[in-house]
Amino acid sequence: MLTVYLLYYIGLLPFVPLRCDVFGFPSNAVDANRIQRELPGAPRWLCKFIEATVGGNPPRGFLCPALCNHLRRRGIAIHLLGAETPQALQVAVSCGVTAVLTDHPEWLVKRLEEKNDFEGMASVV
């Protein structure tokens, strides 16, 4: 996953063959405290920099509509992993994901019934 992001952000993704049929990105929060836990020993300034770059809830560095469009044009399905909030669903719609995965399917089904702006999604898991 990180390789795809790196290739995308440095502009080489269109020229590199990908060996995946599905691309998933997380929707759970990324903040400096989480980064510190994931990278023990990393200086606090680095954790804050990473948070400013890709942090958020859902993490903005992972949610790029242009990247999603590029991957879909290449025939790769895009899944939003761990959608638990209305904000995550809105991001899914704006990025054009093809599927949403959640631990709370009844909540998601209710949201889908309430709003009709999730038509572009192929499936809900």
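In the predicted model, Lys-48 forms a salt bridge with Glu-51. The closest N and O atoms of the pair are 3.5 Å apart. This falls inside the cut-off, because a salt bridge requires a side-chain nitrogen of Lys or Arg within 4 Å of a carboxyl oxygen of Asp or Glu. The structure holds 1 salt bridge. Both partners belong to helix H3, which spans residues 44-54. They are separated by 3 residues, or about one turn of the helix.

Val-4, Tyr-5 and Leu-7 are buried in H1. Viewed down the helix axis, the buried residues of H1 fall within an arc of 165°, so they line one face of the helix. This buried set packs against E1 and H4. Leu-2, Thr-3 and Leu-6 lie on the other side of H1, where they are exposed. Just after H1, Gly-11 takes a positive phi of about 85°.

A nonpolar patch is found on the surface. Its members are Leu-6, Ile-10, Leu-12 and Phe-15. Together they present about 450 Å² of accessible area. Leu-12 sits in the loop that runs between helix H1 (2-9) and strand E1 (22-26). Its relative accessibility is 41%, so Leu-12 counts as partly exposed. That value also meets the requirement for patch membership, because patches are made of residues with over 30% relative accessible area.

Helix H4 covers residues 65-73 and includes His-70. His-70 has a relative accessible area of 12% and is therefore buried. With neighbours within four places in sequence left aside, His-70 is in contact with Leu-13 and Pro-14. H4 is also one of the elements against which the buried residues of H1 pack.

Note on methods:
Residues are numbered from 1 along each chain as its sequence is written. This is a predicted model: local features need pLDDT of at least 70, side-chain atom pairs count only at pLDDT 80 or more; totals for chains, interfaces and linings use all residues. Side-chain values use heavy atoms; hydrogens and water are left out. Patches are made of residues with over 30% relative accessible area and no salt bridge: like charges are joined within 9 Å, nonpolar side chains (Val, Leu, Ile, Met, Phe, Trp, Tyr) within 5 Å. Accessible areas come from the Shrake-Rupley method with a 1.4 Å probe; for residues, only the protein chains shown count as cover. Helices (H or I, at least four residues) and strands (E, at least two) are DSSP runs, numbered from the N terminus. Buried means under 20% relative accessible area, exposed over 50%, partly exposed in between (1.4 Å probe, protein chains only). Contact means heavy atoms within 4.5 Å. The arc is that of the directions from the helix axis to the C-beta atoms.
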